[in-house]
Amino acid sequence: MARRKTGNVLSEDVDEARKQIMVAAERVFQRYGVAKTTMDDIGKEAGVSRPTVYRYFKDRDALMSALIERRSRLLFDKARKYLLEHETFADQLVEGLIFLVERGRRDPLIRILVSPEHMQLAESLVGSSGLAARLTAEMWDPIIERAMDRGEIRRDLDKEKIAEWIALVQFILVGRLDFDRPDDPQHREMLHNFVLPAFLPTVVPAEVQQQR
């Protein structure tokens, strides 16, 4: 049965109404840019008043955060399917990071946020708020758990700190202006050499084992 509409064209279902407003906001942000877009602009695009937008989102930052969550989760669904094609944690981490960064750079909203003029806004939205780490944990925790169970990574690592570290790496890579060729082997080499080792079990050299 189709959902009924309110008089102001929004669905009576709260989650659906929020989604309608977010879809309208995406269009306006792409049209005017983040800095110049007002809640009034978003309301007009959604066919409702500004006070109606505030009924669903307390302020513009709350709306932006919800948008980032929405778009991130859409990307996660595709990323998880892609990661299942790789058997080892090493490949899942390296290929997964490249996949997420490359797809993130394609996303028009994320591309706006990581542009130099909006880095301060991005920091307040996804950095200091902890949103980036929470979303990263949502994406990577099941993969980390399985890798720990298989003995592929250290069991003493704090999963919350893992999420913070991966979020930082993703944020840096998304903002890199030279990351325009995801097939560039140098990207994989860098991740293998400087990111992956942080997760791997400590290997005791043979000569040290002999001395014990």
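Q: Before we start, what counts as buried here?
A: Buried means under 20% relative accessible area. Over 50% is exposed, and partly exposed sits in between. Keep in mind that this is a predicted model.

Q: Then isoleucine 144: buried or exposed?
A: Buried, because its relative accessibility is 1% and the cut-off for buried is under 20%.

Q: Which helix holds it?
A: Isoleucine 144 is in helix H8.

Q: How far is isoleucine 144 from phenylalanine 89 in space?
A: The C-alpha to C-alpha distance is 8.0 Å. In sequence, isoleucine 144 and phenylalanine 89 are 55 residues apart.

Q: What about tryptophan 140, buried or exposed?
A: Tryptophan 140 counts as buried, because its relative accessibility is 2%. Tryptophan 140 also lies in helix H8, which covers residues 131-149.

Q: And how far from glutamine 92?
A: Tryptophan 140 and glutamine 92 are 9.9 Å apart, C-alpha to C-alpha. Along the chain, 48 residues separate them.

Q: Let's zoom out. How many helices and strands?
A: Eleven helices and zero strands. Along the sequence the pattern reads α-α-α-α-α-α-α-α-α-α-α.

Q: How much of the protein is buried?
A: Of the 212 residues, 42% are buried.

Q: Now helix packing. How do H1 and H2 cross?
A: Helix H1 (residues 14-32) and helix H2 (residues 39-46) have axes that come within 8 Å. The axes cross at roughly 120 degrees. H1 is therefore oblique to H2.

Q: Left-handed or right-handed?
A: H1 passes H2 in a right-handed crossing.

Q: What about H5 and H10, how do they cross?
A: The axes of helix H5 (residues 89-106) and helix H10 (residues 185-194) come within 10 Å. They cross at roughly 130 degrees. So H5 is oblique to H10.

Q: Which hand is that crossing, left or right?
A: H5 passes H10 in a right-handed crossing.

Q: Switching to charges. How many salt bridges?
A: The count comes to 16 salt bridges.

Q: Which partner does glutamate 26 have?
A: Glutamate 26 forms a salt bridge with arginine 71. Their closest N and O atoms are 2.8 Å apart. The pair links distant parts of the chain, 45 residues apart. Glutamate 26 is in helix H1, and arginine 71 is in helix H4 (residues 60-83).

Q: Are those two buried or exposed?
A: Glutamate 26 is buried, and arginine 71 is buried too.

Q: What links H8 and H9?
A: One link is the salt bridge between lysine 159 and glutamate 145, with closest N and O atoms 2.2 Å apart. Lysine 159 is in helix H9 and glutamate 145 is in helix H8, 14 residues apart.

Q: How accessible are they?
A: Lysine 159 counts as partly exposed because its relative accessibility is 31%. Glutamate 145 is at 32%, so that residue counts as partly exposed as well.

Q: And aspartate 149, what does its side chain meet?
A: Aspartate 149 meets arginine 155 in a salt bridge, 3.7 Å from N to O. Aspartate 149 is exposed at 60% relative accessibility. Arginine 155 is exposed too, with a relative accessible area of 57%.

Q: Which residues are joined into a network by shared partners?
A: Glu26, Arg70 and Arg71 are joined into one network of salt bridges.

Q: Last topic, the surface. Which residues make the nonpolar patch?
A: Trp165, Leu168 and Ile172 make a nonpolar surface patch of about 270 Å².

Q: Where is isoleucine 172?
A: Isoleucine 172 is in helix H9, residues 159-175. Isoleucine 172 is partly exposed, with a relative accessible area of 48%.

Key. Residues are numbered from 1 along each chain as its sequence is written. This is a predicted model: local features need pLDDT of at least 70, side-chain atom pairs count only at pLDDT 80 or more; totals for chains, interfaces and linings use all residues. Side-chain values use heavy atoms; hydrogens and water are left out. Patches are made of residues with over 30% relative accessible area and no salt bridge: like charges are joined within 9 Å, nonpolar side chains (Val, Leu, Ile, Met, Phe, Trp, Tyr) within 5 Å. Accessible areas come from the Shrake-Rupley method with a 1.4 Å probe; for residues, only the protein chains shown count as cover. A salt bridge is a side-chain nitrogen of Lys or Arg within 4 Å of a carboxyl oxygen of Asp or Glu. Helices (H or I, at least four residues) and strands (E, at least two) are DSSP runs, numbered from the N terminus. Buried means under 20% relative accessible area, exposed over 50%, partly exposed in between (1.4 Å probe, protein chains only). Axes are lines fitted to C-alpha atoms, for helices over the stretch in contact, and angles run from 0 to 180 degrees between N-to-C directions. Angles under 35 degrees count as roughly parallel, over 145 as roughly antiparallel, 65 to 115 as roughly perpendicular and the rest as oblique. A crossing is left-handed if the near helix is turned anticlockwise from the far one by less than a right angle, and right-handed if clockwise.
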